[in-house]
Amino acid sequence: MEKLDGIQKRLIAEVADLHEVPMGAYNFRANSKLAGRQTTANIDIQSKENGTGIDIKIKPGTKKESVHIPVVLSESGLKETVYNDFYVGEDSDVVIVAGCGIDNCGSQDSEHDGIHRFFVGKGAHVKYVEKHYGSGDGNGKRILNPVTEVYLEEGSSMEMEMVQIKGVDSTERTTVAELKKDASLVIRERLMTHGEQTANSIIKATILEEGASADVVSRSVARDHSYQKFDACIIGNAPCHGHTECDSIIMDQGRILAVPSLEANDVDAELFHEAAIGKIAGEQLIKLMTLGLTEAEAEEQIINGFLK
Amino acid sequence: MLELKNVSFSVEDGGQLEIVRDVSLTIEKNKFVVITGPNGSGKSTLAKLIAGILTPTGGQIFFDGEDITGLSITERAKRGIGFAFQAPVRFKGLTVHDLLKIAAGQEISVSNACTYLSEVGLCAKDYIDREINASLSGGELKRIEIATVLARKTKLTVFDEPEAGIDLWSFQNLIRIFEDMRRDIKDSSILIISHQERILNIADEIVVLEAGQIRSVGTKDEVYPQVLGTEAGERMCFGQAARKEC
Ligand SMILES: Nc1ncnc2c1ncn2[C@@H]1O[C@H](COP(=O)(O)OP(=O)(O)OP(=O)(O)O)[C@@H](O)[C@H]1O
Ligand SMILES: [Mg+2]
């Protein structure tokens, strides 16, 4: 953390809620270089030999520990692809906080493509939090194209919270998961786009064995001229439960395409899908205005609540 | 405090449909006024005209001497008009605490927010962090609506059928709430739309609306004999005779 400058510290605070060096394991990456690392008795972090990323190994039975791996880019024109692999040992219970903040004041595009793979061992539980944030007033774009692959072994579970509220010009996020017996996957995605931003979110969860469940809920707001595409697919190859929900608010000239899909390949696969897109309900605005808010303040409150 | 001068409201519905017709009405300060009348007589429409949700197609509205006919909902709210909806609105994501904060116009502590909830008979700790979404029952929602209006402490508060959907807890408590409001907010008045005899009984003044027009105004003793036996009287649930049919 000592090696970070003011802008980088601000980005880290945005994406990882970190204001000082965290407890537990961490790996900070700033402008494509390692800016700090700490391992613990149970959590090891190693750079890959070819220098393309890191391997994070969590020992079986590790409980109540956390790993922070924030990435910040504050130089204009940086473009990087990073491969991070997480090996989560059996019966462990950990929190992983990732996130990327880009500050681009220059005229060249900055791009970070993080490819994360999670190998979650039997009976393990992972809570994963990922925030994306952009700032800076240069006309270079801030681009993030994360790919997340999740492999859930028998009886394991993963809860993923993915948030992108501000400042990312273009994002294409791909999340794929495979679930074995009794595994559970919960994805909560929150997205807001402004200006001319575009965001594509592709989620594909395949349930391979019985008793597993996948629940994917996306809440998003598209403002100004921004565009979003939400493409969530759950495939049930065994007796299982799957649910996707896409709930969106459009404002101004915003556009959203929701393409949910379900594929049941087993007669006992129970899959549900809900999707709703619409502008803020007039009566909600009216109610808050009768409480003394202006129309703009009312909109802000409704959106903040919706994305909370 | 509030004066309606020849207020009308009509909508384009094939032809012109006049929902409120030439209504003139004055509500003095420190009054408890009840508007009653059959379903569809224009009561909610009148309340929305007062709150600024609808704009009159004719006539003027004055509040504390100021012509507010052209003012927005927000401006009227800021001048001290509160409105509790007949059918409260749900919000995905906003919690009861959030809404009470907005209503109070400032940060309010959990214990303060809880005071308002207890007022309406809700166990505060169970509700304070609940989202105001489809998971709340109709009666719970209605009580929360009343709590948000209480938190505003407005000079004139309009309640549109506050008792609807509320169980037996209601009457004594609801009436106590109204009385407390009048005591605690200096020179305040309350305007309630209601069909309930027990609410009509405590009114200083009753306004009977029928087909968008004021049929009569006066105290309970003045109004009852006039409306009993009329269409308005029969379709309202007041008076022993009428009640049997309801
Ligand atoms: N926008 C509209 N277009 C057409 N008709 C309307 C419109 N708004 C209200 N109305 C009609 O105007 C009449 C008055 O409605 P209002 O809601 O004010 O009645 P109310 O007295 O509050 O009735 P209730 O006791 O059922 O609440 C009703 O017949 C209703 O259908
Ligand atoms: Mg009504």
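A polar contact is a pair of N or O atoms within 3.5 Å; within protein, one must be able to donate a hydrogen and the other to accept it. The side chain of B:Thr148 lies 2.7 Å from the backbone oxygen of B:Glu145. B:Thr148 belongs to helix α6 of chain B, which covers residues 138–152. This threonine is counted as buried because its relative accessibility is 1%, below the 20% cut-off. Leaving aside residues up to four places away in sequence, B:Thr148 touches B:Leu99, B:Leu100 and B:Ala103, as well as A:Lys287 and A:Leu291.

A metal site comes next. The magnesium ion (ligand 2) is coordinated by OG of B:Ser44 and OE1 of B:Gln86, at 2.0 to 2.3 Å. These two residues are 42 residues apart and link distant parts of the chain: B:Ser44 sits in helix α1 (residues 43–51) of chain B, while B:Gln86 is in the loop between β6 (81–84) and α3 (96–104) of chain B. With a relative accessible area of 35%, B:Gln86 is partly exposed.

How far can the picture be trusted? For the complex, the predictor gives an ipTM of 0.89 and a pTM of 0.83. Chain B has an average pLDDT of 86, and 91% of the residues score at least 70. Where pLDDT is low, predicted coordinates should not be read in detail.

Notes: Residues numbered from 1 in each chain as written. Chains lettered and ligands numbered in written order. Predicted model: local features only at pLDDT ≥ 70, side-chain atom pairs only at ≥ 80, totals over all residues. Heavy atoms only, no water. Donors = N, O, S within 2.8 Å, 3.2 Å for Na, K, Ca; no water. Helix = DSSP H or I, 4+ residues; strand = E, 2+ residues; numbered from the N terminus. Buried < 20%, exposed > 50% of the residue type's maximum accessible area, 1.4 Å probe, protein only. Contact = heavy atoms within 4.5 Å. pLDDT = per-residue confidence, 0-100.
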